Amino acid sequence: MGGVPSTPRWGSAAEMRPAETAEYLIGALVGEKSYPLASDYWQKLLESPLHLRWPSHRVLQASQLFAQNNCKTRHLAKILVHLAWCLQECVSASGVPSAALVRALNALYISSVFLKYFIENAKSDHFEELHLSLDENEAKPTSFSKDQTIEQLVMHSVLSFLGKVDVSTNTYLLHHELLNFMLIAMSTQLLSGPSPGPDDSHPFIDAMMVQESSLVSLVVSKLLLNYIRRPNFPIDSSSYSIFSEVNQTGVLQRVGSAAANFVLLPFNLFVGSSGEATRSPLAENSLNVLLILIHYRKCIETDYVKDRGDHSSEPLPKEDACFSENPYCKALENAQDIEFDRLDVEGNVQNGPLVRLPFASLFDTLGLYLADERSILLLYSMVQGNSAFLEYVLVRTDLDTLLMPMLETLYNASRRTSNQIYMVLIILLILSQDSSFNASIHKLMLPNVPWYQERLLHQTSLGSLMVIILIRTVKYNLSKLRDVYLHTNCLATLANMAPHVHRLSAYASQRLVSLFDMLARKYNKLAEMSNNKMHMPNGESREEDNLPEDTTAELHIYTDFLRIVLEILNAILTYTLPRNPEVVYAIMHRQEVFQPFRNHPRFNELLENIFTVLDFFNSRMDAQKMDGEWSVEKVLQVIVINCRSWRGEGMKMFTQLRFTYEQESHPEEFFIPYVWQLVLSCSSFSFNPNSINLFPVDLPLEKQDSFVGEDGQKLQSGGLNGLEQQVDVLV
């Protein structure tokens, strides 16, 4: 045998040893001779025990030879057709036949290796080198429908198997490899730019988007059930002929990125040294595929594109882009709890197929795996898009199941990605839009918080912990990230919570006042810098001053931040003062931090209520006759007693702030690259980095996002890589 597969000699094939037979058959596949779709060659190829142990350079050579000859042989299209037929046989049979299983697995392994090479090394934007069609002289089988393409045929068969055949000991490996195949087929997205355009070509994923809604619903349901149930690889692999020996891993062995370095998973990936299953690759791959499917958006041609002519290089303006509906996203958004019947709350029967999920199991599974960034993204997709699941979450009495791992993620922000932090904050903001959520989190008491290291938090409410962590995140961001987006998101959530605060802990109350102090010091520094800059000759600043490019703009931002914090304090004092003596104590203990702003034109109105409260309680303190010095306990006792007689006299009522999250009009520019970054970083899938155009491989993406503040002014911030969050104050 040489560097590439030898030229086949059919006459001697029957006399060869199994490995040589495999060498011979693969050599025929990548060679110059074209074998018709009906040739018995395909049966021999797919039924042979293909245990090749090729090094990566031989796989690369075979792939190059296959690419050279495929334009004439159309063997890639033909093996995909045979894969589809094998899967159809598996679906139609009452039990998956072992022979059909072996053929399907072999077809999957071979097609995956070469398809990945074709995609990674594609020279054309529309992947013409795949040649996903049969030669004109080839007779089409009667099973081909008139308008069905090969990619539609194979993807329909793949989805039908995933949706209709249950995961079992016999079918686990085929389910897993089909998901691997789907990742490869959808990886054409990695070659496109971050903004989908009408000229982008994704033959396989587009074929998945045109499947019937009933099949789409089945697939979405199965992928989520795989994530929930997390089936493990069956320890007894004797039923798989390709795994008859532990050391045999299948076609072409495990190879490097030149071809398909993840397709042929080694046996020890599934089974640890102890012989016990260590994790659920099927659950992880199901989540990968689901996230890619639900966040895909296809840009379709618009009148603008037609008017400008076919040869124009002018990019499509974002506002003129038009996208077709994503059926997988729609199916996820319409998913219902399996515990309820098909009648909605108004008694209307749901039209069309419906995804039925055990919301309770999904809730619990998410709580267990939120350390995985992909699970965070799934939770975001559910609470942002599926109103039924959001309502289910909000009525759960054990909200700590979801909130504790998310708060721990924020606590460990320095060890998390910025996108993970942003997604957690968005989820918290969405939840905080509901008043019942804000009330219930203060009723749920936590015995302890073991991961919080700064101090012992004993019998702290979940609401108090949330306030502590959000403020800690703002402080961390101020010193490290300096991201306005993150500041605004944290403060927006705190503002939504404020009117419902109940018995805020002493530590949380202190943190809230210290937040005002910290932002006030930053504001004063910027104000001083701005004032000095205005009095410089010719308005020039010294180099050593290291002034920001636009100090005035930053000063306006911190003015808005201070106003939001004052609004938060006002809401607590106005609506819940009798239930929050610790907040009153914290304000009294640090009342000097508010004094410099008492006559400030931007803050004096909001400070009036704070000083009304201070005057009331200071006068009550002065009226007390004390022997000796005041202790914390004695001060608190006086505050608690006088909270009972508090009537709110002299307090001004302000419009209650309410911040809402709105997904930006072109979320695909963030989500498509983000999902693929997660798939590449959190799974065994890899891709030639030199071929990736979807996102910079070495450099983080930088895009500007905006918020709408209380006065309608947009605050610019960066870091969410294309996801624009708008926080609107509703009057």
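# Helices and salt bridges in a predicted model

The protein chain has 28 helices and 10 strands in its secondary structure. The model is a predicted one. Of the chain's 731 residues, 56% count as buried. Among contacts in the chain with a separation of 6 or more, 74% are between residues 24 or more positions apart.

Helix H8 covers residues 172-186, and helix H12 covers residues 281-295. The axes of H8 and H12 come within 10 Å and cross at roughly 35 degrees. The crossing in which H8 passes H12 is left-handed. On the H8 side, the contact is made by Tyr172, His175, His176, Leu179, Asn180, Met182, Leu183 and Met186. On the H12 side, the residues are Pro281, Leu282, Asn285, Ser286, Asn288, Val289, Ile292 and Leu293. Sorted by class, the contact of H8 with H12 has 10 nonpolar residues, six polar residues and no charged ones. An α-helix has 3.6 residues a turn, so residues three or four places apart point the same way.

H8 has 15 residues and reaches 21 Å from its first C-alpha to its last, close to the 21 Å expected at 1.5 Å a residue. Is H8 largely enclosed by the rest of the structure, or largely exposed? Since 15 of the 15 residues of H8 are buried, H8 is largely enclosed by the rest of the structure.

Helix H10 (residues 213-229) can be described in the same terms. H10 has 17 residues, and its span from first C-alpha to last is 24 Å, close to the 24 Å expected at 1.5 Å a residue. In H10, 13 of the 17 residues are buried, so this helix is largely enclosed by the rest of the structure.

## Salt bridges

How many salt bridges does a search of the whole structure find? The search finds 20. Side chains of opposite charge can pair when their charged atoms come close.

| Pair | N to O distance |
|---|---|
| Arg58 and Glu23 | 2.8 Å |
| Asp372 and Arg374 | 2.9 Å |
| Arg396 and Asp398 | 2.8 Å |

In the pair of Arg58 and Glu23, the side chains meet in a salt bridge. Arg58 lies in helix H4 (residues 56-73) and Glu23 in helix H2 (residues 18-30), so the pair ties together parts that are 35 residues apart in sequence. Arg58 and Glu23 are both buried.

Asp372 forms a salt bridge with Arg374. Asp372 is partly exposed, with a relative accessible area of 22%, whereas Arg374 counts as buried at 3% relative accessibility. The cut-off for buried is under 20% relative accessible area.

The side chains of Arg396 and Asp398 also meet in a salt bridge. Arg396 counts as buried at 16% relative accessibility, while Asp398 is partly exposed, with a relative accessible area of 22%.

## A buried asparagine

Where is Asn570 placed? Asn570 is in helix H24 (residues 551-575). Asn570 has a relative accessible area of 3% and is buried. Leaving aside residues up to four places away in sequence, Asn570 touches Leu606, Asn609 and Phe654.

Note on methods
Residues are numbered from 1 along each chain as its sequence is written. This is a predicted model: local features need pLDDT of at least 70, side-chain atom pairs count only at pLDDT 80 or more; totals for chains, interfaces and linings use all residues. Side-chain values use heavy atoms; hydrogens and water are left out. A salt bridge is a side-chain nitrogen of Lys or Arg within 4 Å of a carboxyl oxygen of Asp or Glu. Helices (H or I, at least four residues) and strands (E, at least two) are DSSP runs, numbered from the N terminus. Buried means under 20% relative accessible area, exposed over 50%, partly exposed in between (1.4 Å probe, protein chains only). Axes are lines fitted to C-alpha atoms, for helices over the stretch in contact, and angles run from 0 to 180 degrees between N-to-C directions. A crossing is left-handed if the near helix is turned anticlockwise from the far one by less than a right angle, and right-handed if clockwise. Contact means heavy atoms within 4.5 Å. Ala, Val, Leu, Ile, Met, Phe, Trp, Tyr, Cys and Pro count as nonpolar, Asp, Glu, Lys and Arg as charged, and the others, Gly among them, as polar. The expected span of a helix is 1.5 Å times one less than its number of residues.
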